[in-house]
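My notes follow in the order I took them.

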Amino acid sequence: MSEAEELLSTPAEWDLPPERHRHFKDVLMQQIDHDTAVTPRRSRFLRPAVLVPLASAALTGALLVTLSVDGRGAATGPAPSATTAGASVTLNRIATAAMAGDTVRVRDDQFVYVRTLERENTGTFTGPVQLGALHTEERWTSQDPGPLRVTGWIKAGGKDAIMPGQMIPIESPDPRPAGVDHPTYRWLASLPTDPDALLARLRKEARPVEGESRDQAVFSLIGDLIGGTIMPPANAAAFYKAAAKLPGVREIPDAVDAAGRHGIAITLDDTGFATRDEWIFDKDTLSLLGSRFYVTDPDRGITTETLFGTTAVMETAVVGGKGEVPARAAAR
């Protein structure tokens, strides 16, 4: 068995929540020959393939660090600043816009379909970042509350896509009930809509890795959920209001998603960690456009903040089964 296959079959890796799985793609996919029969388990979420603390060293150390869980309490974070205040105002505006959105009902027998454009790192794990070509990804997330071993499917297409054209299961070794590891519409609708109560719940659910503050882990978890699911407007609004309460959130007046669309970005600065996520919103409608991801890691020769990946959410819909696409997507 190759090193890549051993990593793919290691139960400890898949005990991580799905948003952490993509960390391993940067390691695994560069070791897997695309002609082999190995089928990797991929995340349904939008984060790129890196999640390493600033103190990480070689590849082995990074993998071990990522598999550990930080049991510390919430970080206090920096004192509120003008940029933090501005971000909170913007997030509350986004929450108001989300509350006014249409309610989309999703049944337990359906799938949530998300189509994105993505650019990701194609360089080596220990070397400099090399952004690959823009490509598409489609994900189908089962709404069956389970527990399920296969909670969804993913398919990519285009240059630098991983295993293009193949339907890849999002799989775990043990059945997963609805929850952060399998966020269904029904589960999301059951969450508190009071932002303080929701934030307290998310702080319990988030799983920081070593070197990452709990607030950073919460910010990343919120980003995963708002970008990869459908939920009732009241719940979407609560997520944005909860994010507004995180210390260190900051607004960026102009950011560009993978499709070249300009918008307002929200980020959270965690100076003890190697990565920074941005959520990008349309300046007029305040709808989510996509994300950008940055990394700083001197051990890899990345001494200044470098763009590591970018995404654009092109379509989100409800479909009847895996592989099915909305009529608009099918007509393209």
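Helices (H or I, at least four residues) and strands (E, at least two) are DSSP runs, numbered from the N terminus.

I noted that this is a predicted model, in which local features need pLDDT of at least 70 and side-chain atom pairs count only at pLDDT 80 or more, while totals for chains, interfaces and linings use all residues. Residues are numbered from 1 along each chain as its sequence is written, and side-chain values use heavy atoms, with hydrogens and water left out.

I looked up strand 2 (residues 135–142) and strand 3 (residues 148–157) and found an antiparallel pair with 6 bridges. Glu137 faces Ala156 of strand 3 across this pairing.

Which residues does the cis peptide bond join? I found it between Gly146 and Pro147, with omega at about 10°. Pro147 sits in the loop between strand 2 and strand 3. In the loop between strand 3 and strand 4 I stopped at Asp160. Asp160 is not a glycine, yet its phi is positive, about 70°. I set both against the general rule: most residues other than glycine have a negative phi, and most peptide bonds are trans.

For salt bridges I used a side-chain nitrogen of Lys or Arg within 4 Å of a carboxyl oxygen of Asp or Glu. The count by this rule is 16. One that I checked links Glu171 to Arg149, with the closest N and O atoms 3.2 Å apart. Glu171 belongs to strand 4 and Arg149 to strand 3, so this pair ties together parts 22 residues apart in sequence.

I traced an open sheet of 9 strands in the order 4-3-2-1-9-8-7-6-5, with antiparallel pairing. Its edges are strand 4 (168–176) and strand 5, each of which pairs on one side only. From one strand to the next the twist averages 25°. For angles, axes are lines fitted to C-alpha atoms, for helices over the stretch in contact, and values run from 0 to 180 degrees between N-to-C directions.

Helix 8 packs on this sheet and touches several strands, among them strand 1 (111–120), strand 7 (275–281) and strand 9 (302–319). Its direction makes about 40° with that of strand 7. Contact here means heavy atoms within 4.5 Å.

At the strand 5 end, I found strand 5 (residues 249–256) joined to strand 6 (residues 262–268) by 6 bridges, running antiparallel. Ala255 is opposite Gly263 of strand 6. The two strands form a hairpin with 5 residues between them, and Gly260 in the turn has a positive phi of about 85°.

I took angles under 35 degrees as roughly parallel, over 145 as roughly antiparallel, 65 to 115 as roughly perpendicular and the rest as oblique. For residue classes, Ala, Val, Leu, Ile, Met, Phe, Trp, Tyr, Cys and Pro count as nonpolar, Asp, Glu, Lys and Arg as charged, and the others, Gly among them, as polar.

How do helix 8 (residues 214–228) and helix 9 (residues 233–244) cross? Their axes come within 11 Å at roughly 155°. This makes helix 8 roughly antiparallel to helix 9. Ile222, Leu225 and Ile226 of helix 8 meet Phe239, Tyr240 and Ala243 of helix 9. I sorted these into 6 nonpolar, no polar and no charged residues.

The axes of helix 7 (residues 195–205) and helix 8 come within 9 Å and cross at roughly 105°. Helix 7 is therefore roughly perpendicular to helix 8. The contact includes Leu199 and Arg203 of helix 7 and Asp215 and Val218 of helix 8. By class I recorded 5 nonpolar, no polar and 4 charged residues.

Helix 7 and helix 9 have axes that come within 8 Å and cross at roughly 75°. That makes helix 7 roughly perpendicular to helix 9 as well. Pro195, Leu198, Leu199 and Leu202 of helix 7 touch Ala238, Phe239, Lys241 and Ala242 of helix 9. This contact divides into 7 nonpolar, no polar and 1 charged.

Conventions: Two strands pair if DSSP finds at least two bridges between them.
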